[in-house]
Each structure stands twice: as structure tokens, then as C-alpha cells.
2 protein chains.
Amino acid sequence: MSLKFEIFSKHKKSRTGLLRTAHGNIQTPAFMPVGTRGTVKGILPEIVEQTGAEILLGNTYHLMLKPGAERVAHLGGLHKMMNWNKPILTDSGGFQVMSLSSLRKITEDGVLFNSHIDGSKHMLSPETSTNIQYLLDSNITMAFDECSQYPISHEDAEISMELTNRWADRSRIAFVKRYGYGQFGIIQGSVYPDLRKKSADYITKIGFDGFAIGGLAVGEGQEVMFNVLDYLPDFMPENKPRYLMGVGKPSDIIGAVKRGVDMFDCVIPTRSGRNGQAFTKNGTINIRNSKYINVQNPIEHDCECIACTNYSMAYIHYLVKVGEMLGAILMTIHNLTYYQNLMKRIRNYIDEGRDFDFQT
Amino acid sequence: MSLKFEIFSKHKKSRTGLLRTAHGNIQTPAFMPVGTRGTVKGILPEIVEQTGAEILLGNTYHLMLKPGAERVAHLGGLHKMMNWNKPILTDSGGFQVMSLSSLRKITEDGVLFNSHIDGSKHMLSPETSTNIQYLLDSNITMAFDECSQYPISHEDAEISMELTNRWADRSRIAFVKRYGYGQFGIIQGSVYPDLRKKSADYITKIGFDGFAIGGLAVGEGQEVMFNVLDYLPDFMPENKPRYLMGVGKPSDIIGAVKRGVDMFDCVIPTRSGRNGQAFTKNGTINIRNSKYINVQNPIEHDCECIACTNYSMAYIHYLVKVGEMLGAILMTIHNLTYYQNLMKRIRNYIDEGRDFDFQT
């Protein structure tokens with residue numbers, strides 16, 4: 001058995017469940033902090049764990065360039081290298097090769113590109129992406145896909161979706177099955193219901209261990225995204241985890257869980273934390289605002305994170321304003337904790353059969 | 001009783017002891033990590049504590065400008081603001097006002113200067129410096145002094161030293177005595193034995209709780225510094241702690257302890273850690289060197305710090321090279337641990353009556 005997924009309880013379209021991997025279990029709905037370059041920026045992994053995170057996301061594109069997949073393998077894989085012994089999901093590199101690299105050439109075979117770091121030439125294909133994720137020792141490998149831009153014509157979306165389908169076949173063949181490790185397929189088709197249906201039918205027939213929704217959170221806005229999520233999860237297998245890639249703000253996550261999604265990843269809590277934005281149950285605040293200069297209270301009174309337990313808003317305001325690393329660190333810890341607490345709250349509501357009565 | 005200092009054992013001129021403060025005890029010889037702006041750069045205080053540090057140094061000059069001494073007091077003092085519940089020593093601001101600020105005007109009264117941050121005008125004097133350190137809630141307040149430059153003529157060094165003496169009188173008067181809090185006087189006189197003797201006589205007669213050696217580690221080199229340390233501690237009271245300000249490299253510390261010094265502070269372990277220099281029992285290494293790119297070993301095999309327990313040199317090399325915060329964090333943790341272990345080793349040797357047989 002590669003990965004095991006059990007559903008615990010359902011409420012309308014939402015579900016709670018447990019995804020079992022070789023490195024431990026993940027309670028769903030789950031939020032995955034992003035550790036792009038083999039580290040959640042500024043945070044020791046034991047502190048990431050303390051926020052409640054049960055799985056991290058690593059970026060194949062960044063890691064293949066530096067330190068290199070072979071080097072990560074030489075160092076015992078991503079878990080061992082970065083001292084994170086819980087599950088790791090890696091993306092396929094498909095999205096970032098399109099957004100970060102220069103001089104891309106897309107062919108049936110894959111994507112030829114120049115590194116954004118030093119211009120060196122690299123190839124990503126279903127086979128190389130899958131093999132790199134094997135070398136990284138990723139618990140959840142993502143199939144190599146082409147993420148369609150937004151907006152895109154129906155014709156171009158269909159061509160792109162069909163390429164993704166063929167690449168999904170090749171990704172599945174390239175995947176080495178192991179106990180406690182699995183592979184997710186990615187459904188494309190932009191905002192076109194007929195294409196999403198075709199893509200879902202094709203990808204689910206291949207038989208992955210979970211299914212991801214790609215091509216959303218690319219600028220279409222929440223309403224358009226929710227329109228797709230209103231029907232797409234119904235095309236996906238009931239008994240496999242559903243992962244909405246690159247999402248999102250708390251309200252995006254809540255809306256997506258309501259529509260049947262189980263997994264999420266996003267840089268928002270970490271990146272916006274470094275920029276001074278803190279998430280609270282009453283919405284976001286900008287800690288750089290001078291109104292916090294003398295505030296002795298923590299960011300959130302009932303938050304049990306390191307930042308809220310031990311530090312005033314005034315101190316964090318000061319650290320962020322003068323550019324001390326500890327400011328970014330405390331903001332990141334708070335935001336990651338906020339996101340994990342949000343997921344916990346969501347899971348509790350589903351288990352208790354209650355509608356979500358919170359928006360953030 | 002303000003501060004209590006007990007000497008445990010002596011070996012030749014070296015001594016071990018215990019300095020008791022309202023926030024806990026400090027084993028001497030002691031090394032104080034520097035938390036310039038109310039944070040040891042990049043490190044949560046619980047992790048600073050884990051390195052073995054028993055006291056931190058804060059910088060009056062930086063803190064008076066931002067967040068401001070009154071604000072720190074409003075936030076409960078430096079311990080509470082930065083969540084460090086062990087002892088804190090603050091410098092007087094005298095050294096940094098000379099090295100960092102612009103448009104200084106030194107008078108008998110004190111130093112008028114413009115902030116290096118925004119050009120705003122400020123005054124530091126024996127009275128304001130002592131009062132700021134009171135507002136910061138510093139366990140060990142330093143007298144306000146003029147740190148002489150190097151080299152300096154005998155005549156100028158004498159004029160400066162005499163100003164420092166008069167400022168020491170005023171600093172002592174301005175100091176509010178409290179249980180578990182104390183004040184150290186600073187001995188100046190550059191490299192001139194007669195001036196050092198005069199300064200020591202004058203400052204010790206005022207009757208501080210400890211005595212610092214100023215005007216060294218300002219470019220004179222280790223040999224010249226050791227020449228001063230060969231005689232100066234003999235002019236200082238036996239039963240009070242002796243603090244060599246701004247020192248230093250491991251070999252500086254070892255040489256100074258041999259000559260009877262008890263306390264040290266320096267940015268070297270933190271600053272050089274952020275720049276990729278790691279301290280080891282076999283000397284310093286530059287983690288950025290490409291020879292570490294594939295090294296699976298930790299920086300030091302027998303070091304029990306977070307960095308050496310959990311991470312390879314190759315991973316830290318990679319993090320530092322790509323500029324990930326975690327690289328600077330792990331290097332800082334290792335170096336601070338190295339320094340604290342060095343002090344522990346020094347104390348053990350003294351307690352056992354053995355000569356130091358190590359140089360770094």
C-alpha cells in the first residue's frame with residue numbers, strides 16, 4: 001500500500017480524514033507550510049512542528065538547481081537534510097519553471113529552461129521531475145503538469161490540458177512505488193467545466209493516490225475559483241485526498257473545504273509574516289502600523305504560539321521596523337500557528353457536523 | 001546588598017566565581033552574548049539560554065534611540081520586553097556614541113550627538129546614561145566613560161582618563177541602588193601603566209560593584225593588550241568581578257583569564273557566524289568554502305548544539321550560500337555554544353588547578 005487515506009466524518013461536502021505516510025499521519029483538511037529551498041524561512045523545524053504542522057511542501061524547481069537532487073540524496077534525502085521527520089510533499093516544478101525561469105522551450109518531451117540563478121540549462125519532463133522527487137525522498141510526488149495561465153482561451157486550455165494528461169501517464173510510469181509513499185495526479189482545464197470533466201476523467205482513470213486541482217489561484221479571483229470548486233470535487237474520487245494547489249487566504253481555504261477539498265499549501269502565512277502582516281480571528285493587521293508602538297498586548301490573546309505567549313505587539317512592531325530577524329521569525333511563527341489553528345477549528349466543526357460560522 | 005560575588009577557586013592569577021543578581025547567578029569566567037537592539041540577532045531567547053549563556057549584554061546607545069528607554073520601561077523593562085529572564089548588563093553608550101553617531105560635541109557635561117538613524121539630537125551624560133540603564137532595568141549598569149582611541153598620546157590619554165574619573169563620580173551618584181542590581185566602574189588610561197594605575201586607584205576608591213577594563217580591543221593587537229593585562233588586574237580589587245569590555249577571540253579570552261579577568265562580551269561569535277565563520281576546537285572554518293559542499297559531518301562531532309546535533313556541514317554551507325536565514329541562525333547557535341563551552345572548559349581547568357593546554 002502506498003498511502004492510506006481514511007475519511008473520519010463528513011458534513012455536507014466537507015470531510016475530515018487521515019492520510020498515512022511512511023513519515024507519519026496527516027489530519028485533513030490540512031495546511032502545508034512551504035519550505036521552498038529546504039527550509040521554512042527563518043524557522044527551525046522543531047518550531048514549525050510546534051505550530052502544529054504535520055506536513056511541509058518542498059519545491060522541486062528550487063531544490064534541483066540548489067543544492068541539487070543528487071546532493072540532497074547524498075545527504076540522506078530532504079527529511080534528513082533539513083531535520084524534518086514528518087511527511088513532505090514536493091511539487092513537480094512545472095509551475096515554477098513557467099514563472100521563474102527564462103528561455104523556456106516547451107515540447108512534447110518536457111520543458112527546456114535556463115536557471116534563474118546562473119542561466120545554466122536544465123530539462124524538466126515527467127520522467128526527470130518524478131526522478132528528482134524520488135531523489136528528494138518526497139512522501140507525496142506530484143505528477144508533472146503544465147499549469148495553464150489565466151485567462152486562457154478554451155482552445156488553448158484544451159491543448160494544454162491534453163499535454164498534461166499525456167505527461168500524467170508518463171509521470172505515473174516513472175514513479176517508483178514504495179510503502180508509505182505516493183503520487184498525486186493534477187487536474188487542469190482552467191475555468192471550463194467540460195475541460196475539467198475531461199481532465200478529471202482521464203487523470204482519475206490513471207489511478208493516483210490523490211488528486212490535485214491545478215490552474216487555480218493564478219489570478220482568477222475567489223469567485224471564479226469557487227465556481228470551479230462548486231462542481232470539480234464531484235468529478236474526483238470520494239476516497240482519495242483532494243489537494244488545491246497554492247491556496248490561499250483563510251477565506252479561500254474555508255470556502256474550498258466547504259466544497260470538498262482536503263489539502264492546501266501557500267506562502268501567504270510565511271511571506272506576509274515577514275512583511276509584517278499578521279493573521280488574527282478578527283482579520284489581518286499590519287504590525288508596522290505606528291498604532292502598535294506602545295501596545296503591551298500580544299497579537300492575539302488566546303493564541304498559544306511562542307510570539308503571543310511571550311512578546312508584546314510593541315516589541316514585534318519595533319523588531320520588524322528596525323529589520324531585526326527576530327521580528328520576521330515571530331511573525332512567521334504566529335501566522336503558521338494561526339493557519340494550523342484554523343485547520344483544527346475547521347476539522348472540529350466538520351466532526352461536530354456544524355456549518356462554519358467564521359470567515360477568516 | 002546590590003550584587004554578590006564569591007570566588008570559588010584560584011589557579012595562579014585565574015579565578016572562578018559566582019556573581020549573584022536579582023535575575024539569577026552568573027558563573028565566572030563568563031562570556032556575554034551581545035543583544036545590541038534587544039535581541040541576539042536571529043535567535044529566540046530560549047535558544048540563547050540553551051547555548052549555556054547566563055547573561056546578555058544590551059547596548060544603551062541603540063536602545064535609547066529605538067525603541068527608546070521610556071518605551072522599554074513601559075513594556076516592563078528589557079528582560080520582560082525581550083523575554084530574557086536571566087541577568088542583563090548594559091554598556092553606558094559611551095563607546096558607541098563615539099563610533100556610530102555624527103556631530104558629536106564632548107563637554108564636561110557629556111556628549112551631544114546626532115542619531116545615526118535619523119539625525120535627531122541627543123545628549124548622553126553620566127546622569128542620562130545611568131538613568132537610561134535604570135529604565136532598561138539592567139542588572140549591571142556601566143559608568144559613563146570616554147573610551148580613548150588607539151593610539152593616543154600620554155597627554156591626551158591622561159586628559160581623557162581624568163574626564164572619565166569625574167564622570168565615574170557623577171555616574172555613581174546617579175545610580176539607584178537596588179537589591180540584586182549593581183554598577184561597574186570603568187578603568188581607562190590606554191597603554192600607559194602610570195595612567196592605568198591612577199585610573200584604577202581613583203575608580204576603585206569610588207566603590208563600584210565590579211570593575212571594567214576599557215580602552216582595549218580598539219586596534220592595539222593582542223600583544224599590547226596582554227601587556228596591559230599583565231599588570232592592570234593587580235590594581236583592581238580581588239573580591240570584585242573584573243570585566244574586559246568588547247573581547248574577543250577565543251585566544252584573547254584565554255589569555256585574559258590567565259591574567260585574572262572574569263567577564264567578557266563580544267559580537268564575534270554572532271557576527272562572524274552570520275558571515276559564515278564557525279569556531280571549532282581546531283580553529284575557525286569558513287562554511288562558505290566549497291570543500292564543504294558534500295560533507296555529511298556536523299561542524300563539530302562532539303558539540304551538542306542544535307546545529308551540530310541535527311545538520312550536516314553541506315546543508316549549512318548550502319543555506320549560507322543561498323542566503324537563507326536558517327544558515328545564519330544555525331551558525332550563530334553553534335558559535336554561541338562554542339563560546340559557552342570554552343568558558344565551561346576554562347572554569348573546569350581553574351577549578352582543577354590545571355594550566356590551560358588549549359589555545360582556541
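Helices and strands here are runs assigned by DSSP, numbered from the N terminus, and two strands pair if DSSP finds at least two bridges between them. With those terms, a first feature of this predicted model can be described: β2(A) and β3(A) form a hairpin, with two residues between them. Strand β2 of chain A covers residues 14-21 and strand β3 of chain A covers residues 24-28; five bridges join them in the antiparallel sense.

Chain A has 14 helices and 16 strands in its secondary structure. Its radius of gyration is 20 Å, close to the 21 Å that the globule rule gives for 360 residues, so chain A is as compact as a globular protein of that length. Taken along the principal axes, the C-alpha atoms of chain A fill a box of roughly 60 × 50 × 40 Å. Of the 360 residues in chain A, 55% are buried. Contacts also reach across the sequence: among those in chain A between residues at least 6 apart, 68% join residues at least 24 apart.

Strands of a sheet pair through backbone hydrogen bonds, either parallel or antiparallel. An open sheet of eight strands has parallel pairing, and its order is β4-β14-β13-β12-β11-β10-β6-β5 (chain A). At its edges are β4 (30-32) and β5 (56-58) of chain A, and each of these pairs on one side only. Neighbouring strands of this sheet are turned against each other by 25 degrees on average, with direction ignored. At the β5 end of the order, β5(A) runs parallel to strand β6 (residues 88-90) of chain A, and three bridges join the two. Within this pair, L57(A) stands opposite L89(A) in β6(A).

The other sheet is an open one of three strands, in the order β7-β8-β9 (chain A), with antiparallel pairing. Strands β7 (102-106) and β9 (121-124) of chain A stand at the edges with a single partner strand each, so one side of each is left without a neighbour in the sheet. From one strand to the next, the twist averages 20 degrees. β7(A) pairs with strand β8 (residues 111-114) of chain A over three bridges, in the antiparallel sense. Here S102(A) stands opposite N114(A) in β8(A).

Further along chain A comes helix α6 (residues 126-136), where the buried residues are P126(A), T128(A), S129(A), T130(A), I132(A), Q133(A) and L136(A). Just after α6(A), D137(A) takes a positive phi of about 70 degrees.

At the level of domains, chain A is divided into domain 1 (4-265) and domain 2 (267-360). The C-alpha centres of domain 1 and domain 2 of chain A lie 26 Å apart. The contact between them takes 29 residues from domain 1 of chain A and 26 residues from domain 2 of chain A. On the side of domain 1 of chain A that touches domain 2 of chain A, at least two residues each come from β1 (4-11), β2, β4, α1 (45-50) and α10 (250-258) of chain A. α10(A) gives the most to this side, with six residues. The residues of this side of domain 1 of chain A divide into 15 nonpolar, ten polar and four charged.

One residue of chain B can be followed in detail. S92(B) has its place in the loop between β6 (88-90) and α5 (94-99) of chain B. A residue is buried if 20 or more other C-beta atoms lie within 10 Å of its own. S92(B) counts as buried because it has 29 C-beta neighbours inside 10 Å. Not counting residues up to four places away in sequence, S92(B) touches T60(B), S129(B), M142(B), A143(B), F144(B) and D145(B). The C-alpha atoms of S92(B) and G207(B) are separated by 18 Å, and these residues are 115 residues apart along the chain.

Notes:
Residues are numbered from 1 along each chain as its sequence is written. Chains are lettered from A and ligands numbered from 1 in the order in which they are written. This is a predicted model: local features need pLDDT of at least 70, side-chain atom pairs count only at pLDDT 80 or more; totals for chains, interfaces and linings use all residues. Helices (H or I, at least four residues) and strands (E, at least two) are DSSP runs, numbered from the N terminus. Axes are lines fitted to C-alpha atoms, for helices over the stretch in contact, and angles run from 0 to 180 degrees between N-to-C directions. A residue is buried if 20 or more other C-beta atoms lie within 10 Å of its own, exposed if 12 or fewer, and partly exposed in between; C-beta atoms are placed from the backbone. Two residues are in contact if their C-beta atoms, placed from the backbone, lie within 7 Å. The radius of gyration is taken over C-alpha atoms; the globule rule is 2.2 Å times the number of residues to the power 0.38. Domain bounds come from an automatic or database domain assignment. Ala, Val, Leu, Ile, Met, Phe, Trp, Tyr, Cys and Pro count as nonpolar, Asp, Glu, Lys and Arg as charged, and the others, Gly among them, as polar.
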